[in-house]
Amino acid sequence: QVQLVESGGGLVQAGGSLRLSCAASGRTFSSYAMAWFRQAPGKERAFVAGIARSGGSPYYADSVKGRFTISRDNAKNTVYLQMNKLKPEDTAVYYCAAGLVMSAKVILTTKNEYDYWGQGTQVTVSS
């Protein structure tokens, strides 16, 4: 079992920055590929960024590429999402997800591949 707790959401003006954190329970954090998804009102949950067990090969949705950075600290059981140059269309509930994988280099990009989810944190970007 893995429990995920997100933090760092809030209200920010367009062009601003936020850093989301996701703290995971358990001693096997390094066995999981991690990702951030987001869900805006009336829309499906969508992939934002993913990172492999090893911390390498981050992968981003086209809509956030160049603005968002995903990273992880396996010693702290935490994954981060640094969000810069925020836009009103980034407004959503952001979810952290963990997927058990065998390979240290695999990144999972679809929500059905993830085993555990956090409760979400609201990010609101005003224009």
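Author: Welcome! Residues are numbered from 1 along each chain as its sequence is written. This is a predicted model in which local features need pLDDT of at least 70 and side-chain atom pairs count only at pLDDT 80 or more, while totals for chains, interfaces and linings use all residues; side-chain values use heavy atoms, with hydrogens and water left out.

Reader: Which residue stands opposite Ser 7 in E3?

Author: Strand E1 pairs with strand E3, residues 18-24, in the antiparallel sense. Four bridges join E1 and E3. Opposite Ser 7 stands Ser 21.

Reader: How many of the nine residues of strand E9 are buried?

Author: Buried means under 20% relative accessible area, exposed over 50%, and partly exposed in between, using a 1.4 Å probe and protein chains only. Strand E9 spans residues 92-100 and is mostly covered. One of its residues, Cys 96, has a relative accessible area of 0%. The number of buried residues in E9 is seven.

Reader: What is the bridge partner of Ala 97 in E10?

Author: Ala 97 in E9 stands opposite Ala 35, and strand E4 (residues 32-39) pairs with E9 over eight antiparallel bridges. E9 also pairs with strand E10, residues 116-117, in the antiparallel sense over two bridges. In E10, the partner of Ala 97 is Trp 117.

Reader: Which residue of E11 is the bridge partner of Ala 92?

Author: Strand E11 covers residues 121-126 and runs antiparallel to E9. Three bridges join E9 and E11. The partner of Ala 92 is Val 123.

Reader: How far apart are the sulfur atoms of Cys 22 and Cys 96?

Author: A disulfide is a pair of cysteine sulfur atoms within 2.5 Å, and a search of the whole structure finds one. Its partners are Cys 22 in strand E3 and Cys 96 in strand E9, 74 residues apart. The sulfur atoms of Cys 22 and Cys 96 are separated by 2.1 Å.

Reader: Why does Cys 22 count as buried?

Author: Cys 22 belongs to a link that is left-handed, with -80° about the S-S bond. Cys 22 counts as buried because its relative accessibility is 0%.

Conventions
Pairing = 2+ DSSP bridges.
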